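Try each task before reading its solution.

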Amino acid sequence: MHLMLVLLGLAALLGTSQGRTDCYGDVNRIDTTGASCKTAKPERLNYCGVAASKKIAEVDLSAMNRYKALIKKVGQKLCIEPAVIAGIISRESHAGKALRNGWGDNGNGFGLMQVDKRSHRPVGEWNGERHLTQGTQILISMINQIKKKFPRWTKEQQLKGGISAYNAGSGNVRSYERMDIGTTHDDYANDVVARAQYFKGHGY
């Protein structure tokens, strides 16, 4: 009995350092305007904003759930919220539904997270752990670039800036308010954040 308690205590101790996903902030604490009408319209929605982002995420949920365990594993490995990874996957590939043989963006984007072969050498299977790890590491490198560029921003502001930079590069992020100007449909981080908030509410 005593040994069991010791082991439980040890597990609790290890648990504090393993499986963390909060190194880059809490997506629920990020302000967002959600999807632009340019993003919502192709999805056959006659409204825009956060409600549109959440609706698109809802439509992607069953496809996303196929990769839920993998997304959570990568999030825990790299200490970033799995919901953020899911938000990017939803935006980039509709959880794989928008891809042909794992490719999108006219054959330039690879996998669920659409790693651009013009900037990176894609690794692994398009829907596998190595791919998700690579895509998430690219995202983290962008967050770190934004941290250097805007050291006074909060963790959450830096996370949002990193998400924007995942789409258009850190050079495109010049201010917090206008970080999405120059991203696809001028709404990338705002849309991804709103989708991520939806996925976080659904166990990611």
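**Exercise 1.** Which cysteine forms a disulfide with C37?

Solution. The model is predicted: local features need pLDDT of at least 70, side-chain atom pairs count only at pLDDT 80 or more, and totals for chains, interfaces and linings use all residues. Residues are numbered from 1 along each chain as its sequence is written, and side-chain values use heavy atoms, without hydrogens and water.
- A disulfide is a pair of cysteine sulfur atoms within 2.5 Å.
- The partner of C37 is C48, with the sulfur atoms 1.9 Å apart.
- C37 sits in helix α2, and C48 in the loop between α2 and α3, 11 residues apart. (Helices are DSSP runs of H or I, at least four residues; strands are runs of E, at least two; both are numbered from the N terminus.)

**Exercise 2.** Find which parts of the chain the disulfide of C23 and C79 ties together.

Solution. 
- The sulfur atoms of C23 and C79 are 1.9 Å apart.
- C23 lies in the loop between α1 (2-15) and α2 (37-40), C79 in the loop between α4 and α5, so the link ties parts 56 residues apart in sequence.
- C79 is buried at 11% relative accessible area. (Buried is under 20%, exposed over 50%, partly exposed in between, with a 1.4 Å probe and protein chains only.)
- C23 is partly exposed at 26%.

**Exercise 3.** Which residues of α4 (residues 68-78) are buried?

Solution. 
- They are I71, V74, G75 and L78.
- These four cover an arc of only 100° around the axis, which puts them on the same side of α4. (The arc is that of the directions from the helix axis to the C-beta atoms.)
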